[in-house]
Amino acid sequence: MRRSVTVLLTALAPVSWGTTYAVTTELLPPGRPLFTALLRALPAGLVLLAVTRVLPRGGWWWRSAALGALNIGAFFPLLFVSAYRLPGGMAAVVGSVQPLFVVGLSALLLGQRPAPRTLVTGVVAAFGVSLVVLQGTGTLDAVGVLAAVAATASMAAGTVLTKRWGRPDGVGPLALTGWQLSAGGLLIAPVAFLTEGTPPALDGRAVAGYGYLALANTAVAYWLWFRGIGRLSAPQVAFLGPLSPLTAAVVGWAALGQTFTPVQMTGMALAFGAALAGQRGNRPESFSFSEKNGRKLSMDLTDGPLRR
């Protein structure tokens, strides 16, 4: 029961991210993807820092910077570049293979050997998402494809390293989220100002949209995401990722008047089924490691993150 609640709460993060497209197109000024990424990350991070009033110590300064770069600072800009340069949902399709990236990195960095069932589930998830979001044809842009692959790899690496490093003793996931959002936002800021210039004038709709993205869509969603990484296996969390493009499709149908074809409905069923199957076959494992004095310490990751 406890694990099911954790999965459901973690799933709220990609569900929230699935509303980003509709909010961006309906409420925000056009042509400012990096400014939008900046206002998503930095204010949310600063708010969480003010709430928790906890700063990194020692090696966690560079770890927070590295995780912030992978999960936020590099991921957001690369994602926007791919979305702008690729046709008809191709960026979402590339992103849907993230579970396979996570499975591979988990084998390399966490010692978790993937089962054949896990690999098949990852392929089915990506195929299902492709049926939902791919519409028509278009010329693939090499820069866009590379950006999409890099964004997917960046988020996957951030997920696995977040699992590997855990968090310091006495520090909760809310503080860890604030560290990463602040670090990522500070990395995005100079790029946004250099490429997009001064911020645009904002009306009430834009202020509401940015407020939603910063608080619910980013601060709360990433807190739930990192909390889930600490309590579930990295592949379990990654298999919830396809819920984001599925939510975007549902929001487009409910709020923007878009329609579903039978092929898209089939794809939704496949992707959602793969997300559920990914929770059944990728439970946290028990890890062992040696401390400096040679004493063995084992920890069941079902009860919490591996802390160092």
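Among contacts in the protein chain between residues at least 6 apart in sequence, what percentage join residues at least 24 apart? The figure is 86%, where contact means heavy atoms within 4.5 Å.

This is a predicted model, in which local features need pLDDT of at least 70 and side-chain atom pairs count only at pLDDT 80 or more, while totals for chains, interfaces and linings use all residues. Residues are numbered from 1 along each chain as its sequence is written, and side-chain values use heavy atoms, with hydrogens and water left out.

**View 1. The whole chain.** Let us begin with the overall picture. The protein chain has 14 helices and two strands; helices (H or I, at least four residues) and strands (E, at least two) are DSSP runs, numbered from the N terminus. Of its 308 residues, 49% are buried, meaning under 20% relative accessible area, with exposed over 50% and partly exposed in between (1.4 Å probe, protein chains only). The accessible surface comes to about 14300 Å², and carbon and sulfur atoms account for 67% of it; these areas come from the Shrake-Rupley method with a 1.4 Å probe, and for residues only the protein chains shown count as cover.

**View 2. Helix α1.** Look for residues 2–17, the 16 residues of helix α1. From first C-alpha to last, α1 reaches 24 Å, close to the 22 Å expected at 1.5 Å a residue; the expected span is 1.5 Å times one less than the number of residues. Its buried residues are T6, V7, T10, A11, A13, P14, S16 and W17. A handy rule is that an α-helix has 3.6 residues a turn, so residues three or four places apart point the same way.

**View 3. Helices α3 and α10.** Here helix α3 (residues 33–52) meets helix α10 (residues 173–196), with axes that come within 7 Å and cross at roughly 150°. Axes are lines fitted to C-alpha atoms, for helices over the stretch in contact, and angles run from 0 to 180 degrees between N-to-C directions. The crossing of α3 and α10 is left-handed, a word used if the near helix is turned anticlockwise from the far one by less than a right angle, and right-handed if clockwise. The residues of the contact of α3 with α10 divide into 22 nonpolar, seven polar and one charged. Ala, Val, Leu, Ile, Met, Phe, Trp, Tyr, Cys and Pro count as nonpolar, Asp, Glu, Lys and Arg as charged, and the others, Gly among them, as polar.

**View 4. Helices α3 and α5.** The axes of α3 and helix α5 (residues 75–85) come within 10 Å and cross at roughly 145°, and this crossing is right-handed. From α3, the contact uses P33, L34, T36, A37, R40 and A41; from α5, it uses F76, P77, F80 and Y84.

**View 5. The loops on either side of α3.** R32 is found in the loop between α2 (20–27) and α3. Not counting residues up to four places away in sequence, R32 touches Y84, E196, T198, P199 and P200. R53 lies in the loop between α3 and α4 (60–73). Its phi is near 55°, a positive value in a residue other than glycine, and R53 counts as exposed because its relative accessibility is 75%.

**View 6. T152 in helix α9.** T152 sits in helix α9 and counts as buried because its relative accessibility is 3%. Leaving aside neighbours within four places in sequence, T152 is in contact with V94, G95, V97, Q98 and F101. G166 follows α9, with a positive phi near 60°.
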